[in-house]
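Me: I would like to go through the charged pairs and the surface of this protein. Could you take my questions one at a time?

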Amino acid sequence: MSEKVLSGKKNGMLFLVLWSGLYATGVAAFAAGIAAGTEDSPYLPVFLPGLIWMCIGWIPFLGLKVLKPQEALVLTLFGRYIGTLKGEGFYYVNPFCSAVNPAAKTRLGQSGDVDEGSRAGKIVFTSGTNKDEAAGSRKISLKAMTLSNARQKVNDVLGNPVEISVAVIWRVKDTASAVFNVDNYKEYLSLQADAAVRDIVKIYPYDVAPGIDTTGDGQADDGSLRGSTTVVAERIRSMIQNKVQNAGLEILEARITYLAYAPEIAAVMLQRQQASAVIDARKMIVDGAVGMVEMALERLKENGVVDLDEERKAAMVSNLLVVLCGNHDAQPVVNSGSLY
């Protein structure tokens, strides 16, 4: 079902004055009929119409609707969708119309509509919810809102358990689809966000691993959760958008707010990372030391400072590598004798 915006309904003030005047007239007629009554004719003929109007005259006031900026009302008349009011203003519609919002009383951590005790739940909605919707009214907020789901434990492509949390910026784009195509668009969004995070995370390794294809093109690449957070977040956003398109929701942005190994393997993975860092550092030191030894031998040969045979070159190379690759400063030994 597509949205139909009602236009030309911003005449609430006119009808408020009109119905208020008519209701005041009915009250006056009722009072006049009682005050001017006699023994033969206790009440004037205007008494009965005034009484009837006093009993039913409040019904037209139900058609007055006030909307603040970025709010909407989905209206139905005897079960049939007739349109949506959008935009700030004072409206008047058929008083028998009813507003529909099945997610109005949903408590999923939406900012302003739950207490602090319920924030320990699975899904947390924050930022952008108006107080009317929080109080359970039928108004739908069109503001950009933030869904921040709780940390999920998901296995990456290598089977390592990781904890991840994603913040999703979203808003209602089509009010009719949000209300009528799904049972509760807030719960629907939260479930689809969970599913999208799991589907995307299991494609990537936590760190770069050899032989892993994360793009689906059949070629190994360097994609990882830790090193490709922007790409991963965009894929999550795109997948959520595809899943909630039929619910009239627009996913504006997705960002990874927390990413770490699960506690049960965090210590082991930390040791692994430390060992990898030590190996990389040692490799860099050795590469630099070998280059410095080569440079030293070449300079000695070019300048003719000393002529070394192969055995003495090997000894010199060994001593220089020990000095350059050692963890501690070398203790020099002064040779006061001959070279040989």
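Reply: The answers below concern salt bridges and a surface patch in this predicted model.

Me: How many salt bridges are there?

Reply: The count comes to eight salt bridges.

Me: Which residue does K139 pair with?

Reply: K139 forms a salt bridge with E71, and their closest N and O atoms are 3.8 Å apart. K139 lies in the loop between α3 (131-134) and β7 (140-141), whereas E71 is in strand β2 (residues 71-77), so the pair ties together parts that are 68 residues apart in sequence.

Me: Is K139 buried or exposed? And E71, buried or exposed?

Reply: K139 counts as buried because its relative accessibility is 15%, under the cut-off of 20%. E71 is buried as well, with a relative accessible area of 1%.

Me: What about R255, which partner does it have?

Reply: R255 forms a salt bridge with E253, the closest N and O atoms being 3.4 Å apart. R255 is partly exposed at 43% relative accessible area, and E253 is partly exposed at 34%.

Me: Changing topic: which residues make the nonpolar surface patch?

Reply: L48, L51, I52 and I56 make a nonpolar surface patch of about 340 Å².

Me: Where is I52 placed?

Reply: I52 is in helix α2 (residues 47-56). With 44% relative accessibility, I52 counts as partly exposed.

Terms used. Residues are numbered from 1 along each chain as its sequence is written. This is a predicted model: local features need pLDDT of at least 70, side-chain atom pairs count only at pLDDT 80 or more; totals for chains, interfaces and linings use all residues. Side-chain values use heavy atoms; hydrogens and water are left out. Patches are made of residues with over 30% relative accessible area and no salt bridge: like charges are joined within 9 Å, nonpolar side chains (Val, Leu, Ile, Met, Phe, Trp, Tyr) within 5 Å. Accessible areas come from the Shrake-Rupley method with a 1.4 Å probe; for residues, only the protein chains shown count as cover. A salt bridge is a side-chain nitrogen of Lys or Arg within 4 Å of a carboxyl oxygen of Asp or Glu. Helices (H or I, at least four residues) and strands (E, at least two) are DSSP runs, numbered from the N terminus. Buried means under 20% relative accessible area, exposed over 50%, partly exposed in between (1.4 Å probe, protein chains only).
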